Amino acid sequence: MKKVLPLLLIVVLISCKSTHLNSKKSTELFDIAKENDSTTFVNLRNYSNDFVFDMKYATPDNFLKEKVYPCDECFLRVKTVKALLKANKSFLEKGYKIKLYDCYRPKSIQKKMWKIVPDANYVANPKKGSIHNRGGAVDISLVDSNGMELNMGTKFDFFGKEASHNYLNLSEQILANRKLLKTIMLENNFKSFDSEWWHYNLSGSSKDQVSNLKWKCLN
C-alpha cells in the first residue's frame with residue numbers, strides 16, 4: 001500500500017494539471033517559433049506586447065450583460081497565435097494593431113452562455129461547440145497609433161444586419177476600415193464570418209477538438 005499511494009498521488013497531480021492552463025504572465029516574452037506542438041494552448045500575452053486586450057466576457061459589458069469569464073486571459077492554440085502574430089505585424093507596419101475582444105472559450109463557459117441566451121442565432125450550441133471552443137477563433141478590431149479604435153460601423157457583438165460584411169450602406173471610411181481588417185486577416189490564413197465583421201477563424205481549425213481546459217486567475 002505504501003508503494004501505491006505515491007503513484008496515485010502522481011496520477012492525481014498530472015490529472016489536475018491537464019485541466020488548467022497557466023495564466024502566469026512572464027516578464028520576458030517567449031518565441032512562438034520554439035513551440036513545436038501547433039495544437040498546444042498558450043497565453044498570447046506571453047508572446048507579444050503589441051496587442052490591445054479588451055476581453056468583453058470577463059466584464060458585464062457584452063450582449064449577455066453578465067461576466068462569464070473569471071478573468072481576462074487570451075489563450076489560443078499555438079498555430080492560431082503564430083498566424084495572429086503575422087497578421088498583427090502587417091497591421092503594425094501600417095500604423096495599427098489588433099484589439100482583442102475574445103479568444104479561446106472553454107466548453108463550460110459556452111454552456112453558461114447558452115443557459116443565459118439559448119438561441120443559436122446569438123450563441124453556439126455547446127452540444128456542437130464553436131471555433132472559440134477549439135482555440136481557433138478570435139473576435140477583434142483595430143486601433144490606431146494613438147490607441148483609438150477604428151470605426152467599424154457597429155459595436156462588437158451587435159447582431160443587426162449592419163454588422164455583416166455584405167452590408168454596404170455605410171460610409172466610405174467604415175467600409176475601408178472593414179476591408180483593411182478583412183484583407184490582412186485573410187492573407188494570414190484566417191476566414192471571415194459573414195454576419196460578424198469582428199469574428200475570424202483560423203483555416204482548418206474546425207477539425208480541432210472542442211476543449212474544456214480552463215485557466216487559473218492570478219487574483
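**Figure 1. Disulfide pattern of the protein chain.** Counting bonded cysteines along the chain, the disulfides of this predicted model follow the pattern 1-4, 2-3. A search of the whole structure finds two disulfides. A disulfide is a covalent bond between the sulfur atoms of two cysteines. The pairs are Cys71 with Cys217, and Cys74 with Cys103.

**Figure 2. Close-up of the disulfide between Cys71 and Cys217.** The two sulfur atoms are 2.1 Å apart. The S-S torsion of this pair is about -90 degrees, so the disulfide is left-handed. Cys217, at 27% relative accessibility, counts as partly exposed.

**Figure 3. Close-up of the disulfide between Cys74 and Cys103.** The S to S distance is 2.0 Å. With a torsion of about -85 degrees about the S-S bond of Cys74 and Cys103, this disulfide is left-handed. Cys74 belongs to the loop between β3 and β4, and Cys103 to the loop between β5 and α3 (107-116), so the pair ties together parts that are 29 residues apart in sequence. Cys74 counts as buried because its relative accessibility is 0%. Cys103 is buried, also with a relative accessible area of 0%.

Figure 4. Helix α4 spans residues 172-187, which makes 16 residues. From its first C-alpha to its last, α4 reaches 22 Å, close to the 22 Å expected at 1.5 Å a residue. Its buried residues are Ile174, Asn177, Arg178, Leu180, Leu181, Ile184 and Met185. After α4 comes Asn189, with a positive phi near 75 degrees.

**Figure 5. What covers the buried residues of α4.** The covering elements include the helix α2 (78-93). Also among them are β5 (96-102), β6 (137-144), β7 (190-193) and β8 (196-202).

**Figure 6. Aromatic pairs at Trp198.** A search of the whole structure finds 15 aromatic pairs. In one of them, the ring centres of Phe156 and Trp198 are 5.5 Å apart and the ring planes lie at 75 degrees, so the pair is edge-to-face. Phe156 is in the loop between β6 and α4, while Trp198 is in strand β8, so the pair ties together parts that are 42 residues apart in sequence. Phe156 counts as buried, at 12% relative accessibility. Trp198 is buried too, with a relative accessible area of 0%. The rings of Phe159 and Trp198 also form a pair: their centres are 6.4 Å apart and their planes at 75 degrees, so this pair is edge-to-face. Phe159 lies in the loop between β6 and α4, and its pairing with Trp198 of strand β8 ties together parts that are 39 residues apart in sequence. At 29% relative accessibility, Phe159 counts as partly exposed.

**Figure 7. Surroundings of Asp157.** Asp157 is placed in the loop between β6 and α4. Its relative accessible area is 9%, and Asp157 is therefore buried. Leaving aside residues up to four places away in sequence, Asp157 touches Tyr57, Phe63 and Trp198. Lys56 is 101 residues away from Asp157 along the chain, and the C-alpha atoms of these two residues are separated by 9.7 Å.

**Figure 8. Arg45 over the ring of Phe53.** Arg45 lies over the face of Phe53. The distance from the ring centre is 4.1 Å.

Methods. Residues numbered from 1 in each chain as written. Predicted model: local features only at pLDDT ≥ 70, side-chain atom pairs only at ≥ 80, totals over all residues. Heavy atoms only, no water. Helix = DSSP H or I, 4+ residues; strand = E, 2+ residues; numbered from the N terminus. Expected span 1.5 Å × (residues − 1). Buried < 20%, exposed > 50% of the residue type's maximum accessible area, 1.4 Å probe, protein only. Contact = heavy atoms within 4.5 Å. Disulfide = S-S within 2.5 Å. Phe/Tyr/Trp six-rings, centres within 6.5 Å; stacked < 30°, edge-to-face > 60°. Lys NZ or Arg CZ within 6 Å of the ring centre and 35° of its normal.
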